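Dear colleague,

Please find the structure below, followed by an account of what was found in it. I would be grateful if you read the two side by side.

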Amino acid sequence: MTYALPPSHPGQVIGLLGGSFDPPHAGHLHISREALKRFGLDRLWWLVSPGNPLKSHGPAPLERRMRAARALVDHPRIDVTDFEAQAGTRYTAQTLRALIRARPGVRFVWLMGADNLAQFHLWQDWREIMNTVPVGVLARPGQRISARMSPAARVFDHARLGARQCHRLGQMNAPAWCFVNMPMMAISSTHLRQSGAWADTT
Ligand SMILES: Nc1ncnc2c1ncn2[C@@H]1O[C@H](COP(=O)(O)OP(=O)(O)OP(=O)(O)O)[C@@H](O)[C@H]1O
Ligand SMILES: O=C(O)c1ccc[n+]([C@@H]2O[C@H](COP(=O)([O-])O)[C@@H](O)[C@H]2O)c1
């Protein structure tokens with residue numbers, strides 16, 4: 001199977017930020033820049049999802065979210081892809097299987113905000129994800145405690161790297177994960193949808 005994917009080569013460390021991006025916002029850019037710096041990533045891909053399997057309401061059409069994401073990204077090491085729509089995957093574990101098959105030798109790192117770590121034990125095959133790729137978690141307002149106390153954090157406590165090791169995350173073999181504290185941005189797609197700002201754009 002061939003896919004239209006951003007350029008990559010074996011040995012490169014690529015962070016994956018999966019999301020609905022409904023709409024994409026400055027918080028996504030902020031955590032992406034932090035992740036590039038703090039986890040020793042060469043590049044970072046935004047995986048714009050056809051739809052979060054745990055959310056009951058569907059997002060705006062994928063083409064619209066892709067367009068908005070591409071328009072927002074202003075960093076030479078960040079790419080935007082609709083790989084999940086191309087591969088027909090919705091669950092992250094499936095997506096990772098397909099990506100690793102499509103790009104053998106690339107060192108992928110899964111990235112997420114702390115709100116997703118708090119819920120991670122509800123994801124399909126979440127233990128497989130932890131055992132397949134290193135995971136970088138970025139602090140999010142109001143979510144630090146629930147993430148750190150979450151079932152996934154507890155089960156994989158032995159695989160958590162200390163703050164000083166996080167810059168080597170991309171070189172580590174799974175299971176390995178890091179939680180980074182950083183200046184946080186209290187911004188969300190939910191807030192932007194509720195404010196009407198996203199409805200006014202096409
Ligand atoms: N302000 C933020 N701080 C930290 N992480 C964030 C922030 N905004 C988004 N993320 C993370 O980025 C990823 C994609 O997020 P998503 O596209 O769902 O945006 P969102 O703002 O969380 O959307 P919604 O409000 O609709 O749930 C998730 O892992 C999420 O935790
Ligand atoms: O695989 C799962 O079970 C799963 C459950 C919930 C969310 N995810 C993924 O987590 C990422 C963030 O989702 P969201 O909707 O919070 O932007 C996105 O890539 C989703 O596909 C994945």
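Helices (H or I, at least four residues) and strands (E, at least two) are DSSP runs, numbered from the N terminus. By that naming, α1 gives the largest share of the shell around ligand 1, namely three residues.

This is a predicted model, in which local features need pLDDT of at least 70 and side-chain atom pairs count only at pLDDT 80 or more, while totals for chains, interfaces and linings use all residues. Residues are numbered from 1 along each chain as its sequence is written, and chains are lettered from A and ligands numbered from 1 in the order in which they are written.

Confidence

The predictor's confidence in each residue, pLDDT, runs from 0 to 100. The chain averages 94, and 99% of the residues score at least 70. The model has an ipTM of 0.99 and a pTM of 0.97.

The two ligands

A residue is near a molecule if its C-beta atom, placed from the backbone, lies within 6 Å of it. Ligand 1 is surrounded by 19 residues, with G19, G27, G113, S189 and T190 the closest. Two or more residues each come from β1, α1 (26-38), β4 (107-113), α5 (114-119) and α9 (189-195). For the classes, Ala, Val, Leu, Ile, Met, Phe, Trp, Tyr, Cys and Pro count as nonpolar, Asp, Glu, Lys and Arg as charged, and the others, Gly among them, as polar. This shell has seven nonpolar, nine polar and three charged residues.

Around ligand 2 there are 15 residues, of which G18, G19, N52, Y91 and W123 are the closest. Here β1 (13-19) and α4 (92-102) are the elements that give two or more residues. Six residues of the shell around ligand 2 are nonpolar, eight are polar and one is charged.

The core

A nonpolar core is a set of buried Ala, Val, Leu, Ile, Met, Phe, Trp, Tyr and Cys residues joined through C-beta atoms within 7 Å. A residue is buried if 20 or more other C-beta atoms lie within 10 Å of its own, exposed if 12 or fewer, and partly exposed in between, with C-beta atoms placed from the backbone. The largest such core holds 46 residues, and L16, W46, V109, W110, L111, L117 and V137 touch the most other members.

Backbone details

Most residues other than glycine have a negative phi, and most peptide bonds are trans. The loop between β1 and α1 contains F21, which has a positive phi of about 50° although it is not a glycine. F21 counts as buried because it has 24 C-beta neighbours inside 10 Å. P23 lies in that loop as well, and the peptide bond from D22 to P23 is cis, with omega near 5°. The C-alpha atoms of P23 and H191 are separated by 9.9 Å, although the two are 168 residues apart along the chain. H191 itself lies in helix α9 and is exposed, because 12 other C-beta atoms lie within 10 Å.

A cis peptide bond also runs from A174 to P175, with omega near 0°; P175 lies in the loop between α8 (151-155) and β6 (177-180). D125, in the loop between α5 and α6 (126-132), has a positive phi of about 50° although it is not a glycine. With 15 C-beta neighbours inside 10 Å, D125 counts as partly exposed.

Yours sincerely
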